[in-house]
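Dear colleague,

Here is the structure I said I would pass on. My notes on it follow below.

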Amino acid sequence: MTRTKEIRGNIKDARNHIKKRDPINLDFNHFERMISHLESNSKKCHECKILYTDVENYFEKIKENDYHLDRRDKKDSKVLSETIIKHLKKDHNLFRQGYYMSIFIPLGTSIGLVSGLLFFEKTILPTILGLTLGLLVGVVLDATVKKYNRTI
Ligand SMILES: [Zn+2]
């Protein structure tokens with residue numbers, strides 16, 4: 001079994017165990033995606049290599065504790081995932097899933113609303129149109145970055 005496969009297995013086990021026991025949803029889905037990005041970058045990037053080991057150690061540790069997470073463990077997981085996301089975004093040009101939609105939907109909607117107010121004396125139709133266009137652009141761009149494996 002490869003190292004990444006083993007870490008993935010640990011993440012999956014942790015998720016299954018904790019879901020049963022703890023209603024507070026820890027988002028471990030991110031870690032499964034992040035670990036493959038960290039793996040593929042770790043040959044060239046020292047920081048990815050360190051973060052990769054951090055994830056590995058974290059999930060080993062909670063496995064050893066039989067998936068009983070204390071407050072500290074929860075905080076650690078949050079800090080770790082935020083550090084990784086920040087690094088992948090900044091140094092490897094990766095995007096969060098739905099990143100473009102989160103930009104273009106509000107943008108399209110406000111452009112629609114403003115041009116409705118300025119040019120048409122109606123706001124509902126231009127606003128809906130703007131929203132739809134924003135959604136379309138967002139969906140296409142998000143699908144594109146996903147296709148090229150640029151999402152975290
Ligand atoms: Zn890196």
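Notes on the model

Along the sequence, the protein runs in the pattern α-α-α-α-α-α. The secondary structure amounts to 6 helices and 0 strands, where helices (H or I, at least four residues) and strands (E, at least two) are DSSP runs numbered from the N terminus.

This is a predicted model, in which local features need pLDDT of at least 70 and side-chain atom pairs count only at pLDDT 80 or more, while totals for chains, interfaces and linings use all residues. Residues are numbered from 1 along each chain as its sequence is written.

Confidence: the mean pLDDT (the predictor's confidence in each residue, from 0 to 100) of the protein is 89, and 95% of the residues score at least 70. Where pLDDT is low, the predicted coordinates should not be read in detail.

Overall form: the domain assignment (bounds from an automatic or database source) gives domain 1 as 3-92 and domain 2 as 99-147. Their centres, taken over C-alpha atoms, are 35 Å apart. The radius of gyration of the protein is 20 Å, whereas a compact globule of 152 residues would have one near 15 Å; the radius is taken over C-alpha atoms, and the globule rule is 2.2 Å times the number of residues to the power 0.38. Along the principal axes, the C-alpha atoms fill a box of roughly 65 × 40 × 25 Å.

A residue is buried if 20 or more other C-beta atoms lie within 10 Å of its own, exposed if 12 or fewer, and partly exposed in between, with C-beta atoms placed from the backbone. Of the contacts (C-beta atoms, placed from the backbone, within 7 Å) with a separation of 6 or more, 62% are between residues 24 or more positions apart.

Individual residues:

- Tyr67 lies in the loop between H3 and helix H4 (71-92). Tyr67 is not a glycine, yet has a positive phi of about 65°. Tyr67 is partly exposed because 18 other C-beta atoms lie within 10 Å.
- Glu121 sits in the loop between helix H5 (99-120) and helix H6 (124-147). Glu121 also is not a glycine and has a positive phi, of about 55°. Glu121 has 7 C-beta neighbours inside 10 Å and so counts as exposed.
- Lys61 belongs to helix H3. Lys61 is exposed, since 11 other C-beta atoms lie within 10 Å. From Lys61 to Asp73 the distance is 9.3 Å, C-alpha to C-alpha, at 12 residues apart in sequence.

Regards

Notes:
Contact = placed C-beta atoms within 7 Å.
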